[in-house]
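Please walk me through this model in the viewer, one selection at a time. I would like to know what to pick next and what is found there.

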2 protein chains.
Amino acid sequence: MAPQRFLILADGDFSPMTSKTANSVIRYMPERVVGVVDHVAAGGTVEDVLGFGGTIPVVPDMASGLALGPDAIMIGIAPMGGRLPEQWHAWLVSALDAGCDIWSGLHTFLGDDPILAERARVNRCEIRDVRKAPEQLPVAEGFARLLEPLVMLTVGTDCNVGKMTCQLQLTRQLNDRGVRTRFVPTGQTGIFIEGWGIAVDAVVADFIAGAAEKITMEGARDADVVLVEGQGSLNHPGYSGVTLGLLHGSCPNALILCHQASRTHLSEYRGKPWLRMPPLSEYIRMYEMAGSAVWPTRVIGICLNTYDMTDDQARAACAAAISETGLPCTDPVRFPADPALLDATLAARERYLKTGRC
Amino acid sequence: MAPQRFLILADGDFSPMTSKTANSVIRYMPERVVGVVDHVAAGGTVEDVLGFGGTIPVVPDMASGLALGPDAIMIGIAPMGGRLPEQWHAWLVSALDAGCDIWSGLHTFLGDDPILAERARVNRCEIRDVRKAPEQLPVAEGFARLLEPLVMLTVGTDCNVGKMTCQLQLTRQLNDRGVRTRFVPTGQTGIFIEGWGIAVDAVVADFIAGAAEKITMEGARDADVVLVEGQGSLNHPGYSGVTLGLLHGSCPNALILCHQASRTHLSEYRGKPWLRMPPLSEYIRMYEMAGSAVWPTRVIGICLNTYDMTDDQARAACAAAISETGLPCTDPVRFPADPALLDATLAARERYLKTGRC
């Protein structure tokens, strides 16, 4: 069966920083995206909006999108709380009636919607709720600490700073160097891209670490390096529990700290900026302390997201981070040839193989 | 309607340290417990097994238990992972057929079992799955930081060390002093005792802090002090995510650190003791750092569980904790007249009212 071609729904919210799922899917598999639905940005191309993605069109509504001949609709935005905008319901019905599958990462399972489920049944389409947790997850017991490959997790100063992107870039670079590297998806976008994984923010709270343990161990089969996709932030008022459970369940030997260089407050609170970010060095202390409370871990590099800066500003931001933390740092999207994080990972693996620690 | 009288199921596992739910329900509402089912301890009284609870009988099976005339069966043990032991199923059917309700805190919802649901329907009985999360929980936004009452959370060096018991004792003592104090239940046992609350370990991971925020705010109505029941431990390989989400969602101004004095390793790992507990001072540093990353908080006292010690050993353990941490410390179950934690809470409230911090 040929891989599916997706129409991405990101209506009203398609932009470099808001439509995270849409953007990452476009970045990592543009050849499988036929278009994006957004009435605001409609008329142009994805490249106009994101600065990458080429000539993929942005269309104003579902009818125009279906005319592009997709095999499946992908929900491309992740609203806070994860619920489906009501106005999309009719669009999804029409997509199912046109024979399209639906891939969704929302907390509300579309397959549980009786109308959508019935249309899917009648039209022999599939509704894939990738955030639906597997049955019978274990409570974590720290088994991931016993894995032979180097396990590295990205951690962040906030949500939506580049934790998945960092790992996807490194996965490519390491495999290109002949180091067998496996990316472990822990969120909807990673699962869309890789086709497996568990959305750890969607499991029952007692099983966050258990889910992380399970997929980290799966990712470790036939790999030399396991790169686990991070989630949230240890000081995020809403999502920190997911972050810590993932940290303890995956027992990473090394961490890369991800940060959006221009951000000063935690992003979900833009309207009410009461929670100021501490310096990177404080985040490093916090993550190393919290992680090492279960298994020794160390931050080995900084990954900056400088999407809203000039090249000069980005270079200055990296230099400042290097000077503050003493760690290698780059923006792997802006400077894909910069080997800073690749070299840091290879060096960490050397130390790990020799001493069992990074 | 008269309050229900419970028969507690704790078969094979009724003991001071394992049957946590059963024991706490007996400690805080013995007048509503008609008996305990456990074939191992059967023949004696609850007092024989626990050292408290008086003449409540322990019976070998459901038939003998139903003869005691309960209105409801309460599942009194919390197996790891929270699932129902299979052999209990037939017993619960017979209880429903005898007209009893069922109260359960298991992760597996008994109301979803088609046979039990059908027997409940036929017999007009209710199955109360207290761990079933409410619909439409919010993502936390730090609102609990704005509350007027002092919010205090118990945190622990492990699971099952006395975090709920500490708060229940303090709730009584503070109310006796005329300080309007509200206990906020975050786990099945607390919910059994108080009749409200949310089992934060049973909500979808993204909503742990949101659930904590919601019930902390509910508890703050008409209260001067809000005592939130803690869960797990920040260094527990399986449950730490719940602990941190609860810490950030409830935005406590003060913390009490709970510890079982004789324990050296995290308890779920007794068979494989790889995770040694750090000193109390290290836990304090860890909890204050993690909590204050969202909202300033401070550990103001130590609550020791000395159930397996002599009085002299218990006094020595408290003295050692005081000397190590410089904080007040007692075992409020063994020494109920010791005002150490009560005084520490009152002093914290004074500081909070004057300065907004503890």
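Select B:Phe6: this residue is buried at a relative accessible area of 0%, where buried means under 20% relative accessible area with a 1.4 Å probe and protein chains only. The model is predicted, so local features need pLDDT of at least 70 and side-chain atom pairs pLDDT 80 or more, while totals for chains, interfaces and linings use all residues. Residues are numbered from 1 along each chain as written, chains are lettered from A and ligands numbered from 1 in written order, and side-chain values use heavy atoms, without hydrogens and water.

B:Phe6 sits in strand E1 and B:Trp103 in strand E5 of chain B, so the pair joins parts 97 residues apart in sequence (strands are DSSP runs of E, at least two residues, numbered from the N terminus).

Move to chain A, where ring pairs link A:Phe6, A:Trp103 and A:Phe192 into a cluster. A:Phe192 is buried at 2%.

Next, show both chains. 46 residues of chain A contact 46 of chain B (heavy atoms within 4.5 Å). Finish on A:Arg131 and B:Asp206, whose side chains form a salt bridge at 3.9 Å, N to O (a side-chain nitrogen of Lys or Arg within 4 Å of a carboxyl oxygen of Asp or Glu).

Key. Buried < 20%, exposed > 50% of the residue type's maximum accessible area, 1.4 Å probe, protein only. Helix = DSSP H or I, 4+ residues; strand = E, 2+ residues; numbered from the N terminus. Phe/Tyr/Trp six-rings, centres within 6.5 Å; stacked < 30°, edge-to-face > 60°.
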